[in-house]
Structures are given as C-alpha cells and as structure tokens.
Amino acid sequence: MQAPAPSLAPNAYRTCNACGAKVHREEVHKNRYGQYICKACRSDGVRAVGRHRFGHLVQRMPTALVAFLVVLAVLVVLPLALVLLLELHSYSNAGMVEDLKDLLRSINPRAR
Ligand SMILES: [Zn+2]
C-alpha cells in the first residue's frame, strides 16, 4: 500500500498574496483578510496586500461623501431657502398693505 502523499502535495502549498511565490503552508502566515503572506514578505514588513489598503480607503469614502453632501446642501439649499423666504416675506408685505388699505376703507370710506 502506498501513501497518497503526491496527490495531497498541491494542498500543502500556498501562493503568497504579496509576491506570488509558492510556499509551503507552514511557511506562510494567513492574515486577518484571509491572505497568505510568506516569511520573506513578512520579514519585509508586509502584513496585507494593497487591494485591502484600497478597501480601507473605500471604507473612509462615506465620511468624505457625507462632508461633500453637507457642503452641497449648504451651497444649494440655503440660497434656495433664502429666496423662498424673501418671496414669502414680500408676499406677506403686499398682503399686509392690502389689509391695511381695507382697514382704512372700512374706517373712512373716502380714503383711497
Ligand atoms: Zn511573499
């Protein structure tokens, strides 16, 4: 009976995600992102591969996006609200003048 070692051999190796080298699984470290980093890379200070650093940037994006939307809201919504407020203000002024004229007419029918 022969040991099935040759068929298991490929499973004993991992591809380093940083340099692409085939390394025995006992020689690689699996980081928290599920990446395999070989000893040589780890001694160079590699703990994760760039793709996940980009992931961190993406995770920070919402903050920048929210800040952008807030600035946009201040720049667009605030002037709109001011214009709306001014229009309402002028409208109520005109209405008030008409009300005063009506009031004057009711007091003195000859007033114009
Ligand atoms: Zn490596």
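**Exercise 1.** What arrangement do the four donor atoms around the zinc ion make?

*Solution.* Before we start: this is a predicted model, where local features need pLDDT of at least 70 and side-chain atom pairs count only at pLDDT 80 or more, while totals for chains, interfaces and linings use all residues. Residues are numbered from 1 along each chain as its sequence is written, and side-chain values use heavy atoms, with hydrogens and water left out.

Step 1: find the donors (N, O and S atoms within 2.8 Å of the metal, or 3.2 Å for Na, K and Ca). From the protein they are Cys16 (SG), Cys19 (SG), Cys38 (SG) and Cys41 (SG), 2.2 to 2.3 Å from the zinc ion.

Step 2: check the angles. They run from 104 to 114 degrees, so the arrangement is tetrahedral; for four donors, that label needs all angles between 85 and 135 degrees.

**Exercise 2.** Work out where the donor residues sit in the chain.

*Solution.* Step 1: read the spacing, which is C-x2-C-x18-C-x2-C. Cysteine 16, in the loop between strand E1 (13–15) and strand E2 (22–24), and cysteine 38, in strand E4 (residues 36–38), are 22 residues apart and link distant parts of the chain. Strands here are DSSP runs of E with at least two residues, and helices are runs of H or I with at least four.

**Exercise 3.** Are cysteine 16 and cysteine 38 buried or exposed?

*Solution.* Buried means under 20% relative accessible area, exposed over 50% (1.4 Å probe, protein chains only). Cysteine 16 has 2% relative accessibility, so it's buried. Cysteine 38 has 4%, so that one is buried too. Across the chain, buried residues make up 9% of the 112 residues.

Key: Tetrahedral: all angles 85-135°; square planar, octahedral: opposite > 155°, others 65-115°.
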